[in-house]
Amino acid sequence: MLPMRELAADFIPTRHRRSEHIGVVLGRLSRVMPAIETPSDDRWQQIGLALMEGDPAMDALLTAMSRHGMRDARAQFERALEHGIDAVANPLPELRCFIEQMSTPPDWLDRTRIERGAELFRRCGRAALHIGRNVALLGGYQASAFNRTLILTGALQKGPTRRLAETVQWKLDCTVAGGLVPHAIGWRSTLMVRFIHALVRRSVAARPDWQLEDWGLPINQADMGATLYGSLTVPVVGSRLLGMPQTRRERDDAAHLVRYVGWLIGVDERWLADTEAGATAQLLQFLLSLSNPDETSVMMARPLVDEPLTRRYPNLAWLRGRYERSKNLSISRAFLGADALRRLGVPAGTWPWYPLLAIPRNLARHTLSRVVPGGLRRAAARGRAEQEANVQQMVMQPAVAVGASLSAPH
């Protein structure tokens, strides 16, 4: 049980209110994407209740680990992730049950689709990371209650560079070939993030300055679902808008991968879609409630915007930092719009020059890869190399481990 104050079973926190500016976006998109619609009254109620729901399976395991002694229990957990539960001497019964459950794929899982979805993400290359950073992550800072969780756990002190690199590395772990097979790197990383989320949920909910009645449960089902789709669905959609051709089957296979990652990370299946249209509709329905910017939005957004200026470039640091900052802002301006940037307290007047340059280049490159023998395979290898180089550029050191990341999959 989480240390929560007594509230009615059907209690909905005050943050659950319709965001007017997201409502306008929904209205516009519904004209061109019929699958996107405002939630019904029943669905709206379910989203509100999800703000008070955590991750029952992991929260229960954490309780058992705490009773046993966290130091030994965490060592058991990490060994079980790496080598399997049979490699753990005298494991906690609750840990055995959890690992066996996570090692048994759901009935709907199609490993072939998972691998095709991962390949699409790799083919998206740096475009996926540009969209993830400058659209999903920056735009997500309009959800002030999630920001407060990050701030209370020291995200501002940690700084945007390391937090961003850890989140990107988690995405790469999930989309490497074979990465989501039990005990492979993406499977392990995702379950470790799930464990960290449970620790943070328990710690923050117990704080006297956490306003449960207003903000809901820290890292709740609605926040987890929104950040899942923001991390893995929005980059694929955005890459297409930046000129990358994608078939419907490829997009839906990517959604299947997201569905499985969501299952692993503790998102309830009722929020998990198996098509891109369904995933996009669910994300926007979440955002209708979650997007409520305040002063924390500015506190989180400004350091991210200025992050390129702090990187350790090997040469021309002043020029490269300002180029990267301008490029990122141009992408944000194109996808989020000037009004959203103003709400985030960041420069809104940047002309969207980078997308205008990227679209014809991406269209030509990715179209060619579809007609040249072996082109898709080479495009996936090239895109993966771009993504790994992006992480290296952010930290100028070997890729960081994701084990301590709170922000993933945010």
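In the predicted model, the backbone oxygen of Phe121 is placed 2.9 Å from a polar atom of the Gln387 side chain. Gln387 belongs to helix α21, which spans residues 375-395. The relative accessible area of Gln387 is 0%, and the residue is therefore buried, the cut-off being under 20%. When neighbours within four places in sequence are set aside, the residues in contact with Gln387 are Phe121, Arg122, Cys124, Gly125, Arg126, Ala128, Leu129 and Leu172.

Apart from neighbours within four places in sequence, Leu329 is in contact with Val305, Pro347 and Thr350. Pro352 lies 23 residues from Leu329 along the chain, and the C-alpha atoms of Leu329 and Pro352 are 7.7 Å apart.

The packing of two further helices was examined. Two packed helices are described by the angle between their axes and the distance between the axes. For helix α13 (residues 221-232) and helix α15 (residues 248-265), the angle is about 140° and the axes are 10 Å apart. Angles over 145 degrees count as roughly antiparallel and those from 65 to 115 as roughly perpendicular; α13 and α15 are therefore oblique to each other. The crossing of α13 past α15 is right-handed. On the α13 side, the contact is formed by Met224, Leu228, Tyr229 and Leu232, while α15 contributes Leu257, Val258, Val261, Gly262 and Ile265. Sorted by class, the residues of this contact are eight nonpolar and one polar, with no charged residue. An α-helix has 3.6 residues a turn, so residues three or four places apart point the same way. Such spacing is seen in α13 between Met224 and Leu228, and in α15 between Leu257 and Val261, each of these residues being part of the contact.

Helix α14 covers residues 234-241 and is mostly covered, with six of its eight residues buried. The buried residues of α14 are Val234, Pro235, Val236, Val237, Gly238 and Ser239. Gly243 follows α14 and has a positive phi, near 110°.

Note on methods:
Residues numbered from 1 in each chain as written. Predicted model: local features only at pLDDT ≥ 70, side-chain atom pairs only at ≥ 80, totals over all residues. Heavy atoms only, no water. Axes fitted to C-alpha atoms, helices over the stretch in contact; angles between N-to-C directions. Helix = DSSP H or I, 4+ residues; strand = E, 2+ residues; numbered from the N terminus. Parallel < 35°, antiparallel > 145°, perpendicular 65-115°, else oblique. Left-handed = near helix turned anticlockwise from the far one by under 90°. Contact = heavy atoms within 4.5 Å. Nonpolar A, V, L, I, M, F, W, Y, C, P; charged D, E, K, R; others polar. Buried < 20%, exposed > 50% of the residue type's maximum accessible area, 1.4 Å probe, protein only. Polar contact = N/O pair within 3.5 Å; in protein donor to acceptor, adjacent residues only side chain to side chain.
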